[in-house]
Amino acid sequence: MITPRLRAPTISAVIAAYQSQDTLVEALDSVLGQTRPPDEVVVVDDGSTDATPEILASYGDRIQVVRQENAGYPAAMNRAIATATGDVVAPIGADDIWLPQKLEWQAEALERHPDVGVHFGHAVLFGRIEGDHPRPRDTGVLDNRRLWDDFFEINVINTPGVVIDRQVFARVGWFADRFLADDYQFFFNAMRAGIRFYYEPRAIVRYRMHDNNITNATLELREAMMQVRRANADRVTDPELVDRMLSAELFKIGRLRADEGRTADARTAFREALGHRRGAVVSANARAVAWLALLSLPSSVRNGLTRGAIGASRGFDTLRGGRSPALP
């Protein structure tokens with residue numbers, strides 16, 4: 001549980017920036033232009049070699065800048081949080097934009113619900129992909145059991161839209177370094193520790209979608225997400241949801257491994273997908289069996305057939321509407 005304070009909490013905006021010259025001004029201006037300004041702004045420049053340092057210097061004493069050698073996003077964000085002095089921290093990517101009343105609305109919720117550790121709100125996607133970020137089923141103070149199921153199915157928490165009480169880090173630790181599903185893991189850890197969550201349904205952040213962050217189809221991220229889902233399947237209230245999600249994700253992992261020529265690893269993923277076949281649609285099970293049969297052929301026969309199967313499977317994905325742009 002979070003220990004309530006006797007006064008309104010102070011808020012630190014925290015940013016990890018790397019090679020961000022094209023988007024950093026928009027992000028910083030959105031932070032500094034809040035109707036309820038943050039009490040401080042801490043930016044960690046994670047070893048940028050473009051114009052990022054000069055842009056940061058132009059803001060003078062309105063922001064606090066920490067420079068370090070490149071260590072990756074989670075490590076840079078952890079350092080920004082550790083440097084900040086606010087009671088709560090509000091992360092934002094150097095390529096995202098806060099809407100003007102973001103902190104005002106969240107500060108009001110913080111005062112109404114001082115025992116809540118994580119407040120998050122609705123995000124709107126823009127750039128390469130336009131639309132709404134996935135939402136949880138409920139609003140306001142959330143039931144962690146229902147949020148657990150929602151979060152297991154799809155990542156409903158957009159990190160640039162959160163404020164996190166500093167006490168949460170003391171309870172559950174920091175974002176995992178060099179782990180692509182670091183925020184997904186962190187928020188599950190918070191729920192497991194009994195931290196309460198609050199959802200603001202009004203749009204509070206614009207989340208920029210571009211080539212560098214549309215990573216939901218990459219193998220490394222899907223494997224990281226699978227690791228987190230497996231570790232947190234024990235508290236999902238619907239066993240069919242567990243089977244449905246793990247079957248679908250393991251099939252996609254098998255496909256991506258096959259794309260990379262990792263035949264043995266791909267077979268393992270397809271076999272594991274079939275282990276959750278009760279939650280999968282019949283066509284998905286049939287495709288997993290077909291891929292297992294294909295990958296069991298001699299390499300001289302398999303290589304040509306595999307290229308054709310990958311093309312056909314991608315075409316099938318296109319007919320179904322393509323892969324989801326939202327983070328899993």
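Q: At what angle do H7 and H8 pack, and are they roughly parallel or antiparallel to each other?
A: In this predicted model, the axes of H7 and H8 lie 10 Å apart. The packing angle is about 10°. Angles under 35 degrees count as roughly parallel, so the relation between H7 and H8 is roughly parallel.

Q: Which residues of H8 make the contact with H7?
A: From H7, the contact uses Tyr184, Gln185, Phe188 and Arg192. By class, the contact of H7 with H8 has 5 nonpolar, 2 polar and 2 charged residues. On the H8 side the residues are Met225, Val228, Arg229, Ala231 and Asn232.

Q: How many of the residues of helix H7 are buried?
A: Helix H7 spans residues 182-192 and is mostly covered. Its buried residues include Tyr184 and Phe188, and Tyr184 and Phe188 also take part in the contact with H8. Others among the buried residues are Asp182, Asp183, Phe186 and Phe187. The count of buried residues in H7 is 8 of 11.

Q: Which residue with a positive phi follows H7?
A: H7 ends at residue 192. The residue in question has a phi near 85°. This residue is Gly194.

Q: What is the relative accessible area of Gln19, a residue with positive phi?
A: Gln19 sits in the loop between strand E1 (11-17) and helix H1 (24-32). Its phi is near 50°, a positive value in a residue other than glycine. Gln19 is partly exposed, with a relative accessible area of 32%.

Q: Are helices H8 and H9 roughly parallel or antiparallel?
A: H8 covers residues 219-232 and H9 covers residues 239-259. Their axes come within 10 Å and cross at roughly 150°. Angles over 145 degrees count as roughly antiparallel, so H8 is, relative to H9, roughly antiparallel.

Q: How many charged residues does the contact of H8 with H9 have?
A: The crossing of H8 and H9 is left-handed. Residues in the contact include Arg222, Glu223, Arg229 and Arg230 of H8 and Glu249, Lys252 and Arg257 of H9. The contact also has 7 nonpolar and no polar residues. The number of charged residues is 7.

Q: How far apart in space are Pro239 and Arg278, C-alpha to C-alpha?
A: Pro239 has its place in helix H9. Pro239 is exposed, with a relative accessible area of 57%. In sequence, Pro239 and Arg278 are 39 residues apart. In space, the C-alpha to C-alpha distance is 9.8 Å.

Q: Which residues does Asp150 contact, leaving aside its neighbours within four places in sequence?
A: Asp150 lies in helix H5 (residues 144-153). With a relative accessible area of 10%, Asp150 is buried. Its contacts, with those neighbours left aside, are Pro136, Arg137 and Val156.

Q: What share of the residues in the protein chain is buried?
A: The protein chain has 12 helices and 10 strands. Its accessible surface comes to about 14,600 Å², with 52% belonging to carbon and sulfur atoms. Of the 328 residues, the buried share is 53%.

Technical notes
Residues numbered from 1 in each chain as written. Predicted model: local features only at pLDDT ≥ 70, side-chain atom pairs only at ≥ 80, totals over all residues. Heavy atoms only, no water. Axes fitted to C-alpha atoms, helices over the stretch in contact; angles between N-to-C directions. Helix = DSSP H or I, 4+ residues; strand = E, 2+ residues; numbered from the N terminus. Parallel < 35°, antiparallel > 145°, perpendicular 65-115°, else oblique. Left-handed = near helix turned anticlockwise from the far one by under 90°. Contact = heavy atoms within 4.5 Å. Nonpolar A, V, L, I, M, F, W, Y, C, P; charged D, E, K, R; others polar. Buried < 20%, exposed > 50% of the residue type's maximum accessible area, 1.4 Å probe, protein only. Areas by Shrake-Rupley, 256 points an atom, 1.4 Å probe, with all protein chains shown as cover.
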